[in-house]
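This report describes the fold, the sheet and the pockets of one protein model. The sequence and the structure come first.

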Amino acid sequence: MGSSGSTAGVDWLAAAAPDPDACRREWVRSGLGVVLLPAGRLWDVLLVPGPLGRPALRLLDRLPGSGPVLTDPGDDSVGFLVPVGTAARWVGTGVRGAGDGTWVVVPHPARGGGAGLRWLVPPDGSGRLNDPVLLELALHEAAAGLGGPGEHV
């Protein structure tokens with residue numbers, strides 16, 4: 001990603017913060033390269049176990065317009081940024097939602113976090129998010145593929 005995409009991604013993410021300027025400063029000052037941002041303002045996050053989230057992302061990558069996706073190798077999870085309100089309505093075994101009233105640790109779009117948290121698909125500043133319907137279909141397809149070799153994925 002070029003630096004203009006990185007800058008646009010920073011600006012877009014920082015807009016979710018109560019104080020966007022303080023958020024930008026913290027990304028620069030923080031040795032870990034992460035900030036806490038409130039979910040439920042510009043986006044929600046659906047956290048999926050890594051063994052399911054990574055194949056779902058590969059399926060979404062085949063489609064135009066996928067949104068930002070985080071990974072936390074320490075927790076072996078994948079976080080899909082989705083429209084506000086999605087976390088409250090989502091029903092799925094093993095999927096955790098972060099929506100209104102929750103805070104999410106977010107790495108700088110151009111750098112990984114010190115704890116391994118990083119972007120698999122960094123935000124580009126456009127505001128594009130993952131479509132919940134397509135994500136659900138990708139998760140179902142990925143889950144079917146976890147059943148054994150030669151199945152679906």
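## Overall fold

The model is predicted. The protein contains five helices and seven strands. Read from the N terminus, the order of these elements is α-α-β-β-α-β-β-α-β-β-β-α.

The protein has 153 residues, of which 44% count as buried. Of the contacts between residues at least 6 apart in sequence, 76% connect residues at least 24 apart.

Five strands make up an open sheet with antiparallel pairing, in the order 5-2-4-3-7. Strand 5 and strand 7 (118–121) are at the edges and have a single partner strand each, so one side of each has no neighbour in the sheet. On average, and ignoring direction, neighbouring strands in this sheet are turned by 30° against each other. Helix 3 (residues 50–61) packs on the sheet and touches strand 2, strand 3, strand 4 and strand 7. The direction of helix 3 makes about 45° with that of strand 4.

The pairings can be followed across the sheet from strand 5. Strand 2 and strand 5 run antiparallel and are joined by three bridges; Leu 47 has Arg 96 in strand 5 as its bridge partner. Strand 2 is also joined to strand 4, again antiparallel, by six bridges, and here Val 48 is partnered by Val 78 in strand 4. Between strand 3 and strand 4, which run antiparallel, there are four bridges. Leu 70 is placed opposite Gly 79 in strand 4. Strand 3 and strand 7 are antiparallel as well, with three bridges between them; Val 69 has Val 121 in strand 7 as its bridge partner.

## Two loop residues

Asp 76 belongs to the loop between strand 3 and strand 4. These two strands form a hairpin with four residues between them. Phi of Asp 76 is near 50°, which is a positive value in a residue other than glycine. Is Asp 76 buried, partly exposed or exposed? Its relative accessible area is 32%. Buried means under 20% and exposed means over 50%, so Asp 76 counts as partly exposed.

Gly 116 is found in the loop between strand 6 and strand 7. With a relative accessible area of 25%, Gly 116 is partly exposed too. Beyond its neighbours within four places in sequence, Gly 116 is in contact with Thr 71 and Pro 73. Gly 116 and Asp 75 are 41 residues apart along the chain, and 9.7 Å separates their C-alpha atoms.

## The largest pocket

The volume of the largest pocket is about 270 Å³. Its lining consists of 17 residues, and those closest to the pocket centre are Leu 47, Asp 72, Val 104, Val 105 and Leu 117. Which elements give two or more residues to this lining? They are strand 2 (44–49), strand 3 (69–72), strand 4 (77–82), strand 5 (96–98) and strand 6 (103–107).

By class, the lining of the largest pocket is made up of 11 nonpolar, three polar and three charged residues. Leu 47, one of the residues closest to the centre of this pocket, is also the bridge partner of Arg 96 in strand 5.

## The second largest pocket

The second largest pocket has a volume of about 190 Å³. Its lining is formed by Leu 52, Trp 90, Val 91, Gly 92, Thr 93, Val 95, Glu 136, Leu 139, His 140 and Ala 143. What does helix 5 give to this lining? Helix 5 (residues 132–145) contributes the most, with four residues.

Six nonpolar, three polar and one charged residues are counted in the lining of the second largest pocket. Leu 52 is among these lining residues, and helix 3, which packs on the sheet, covers residues 50–61.

Technical notes: Residues numbered from 1 in each chain as written. Predicted model: local features only at pLDDT ≥ 70, side-chain atom pairs only at ≥ 80, totals over all residues. Heavy atoms only, no water. 1 Å grid on protein atoms, 1.4 Å probe; cavity = no way out; pocket = protein on both sides within 12 Å on 5 of 7 lines; lining within 4 Å. Points joined across faces, edges and corners; volume = space filled by probe spheres on them. Nonpolar A, V, L, I, M, F, W, Y, C, P; charged D, E, K, R; others polar. Pairing = 2+ DSSP bridges. Axes fitted to C-alpha atoms, helices over the stretch in contact; angles between N-to-C directions. Contact = heavy atoms within 4.5 Å. Buried < 20%, exposed > 50% of the residue type's maximum accessible area, 1.4 Å probe, protein only.
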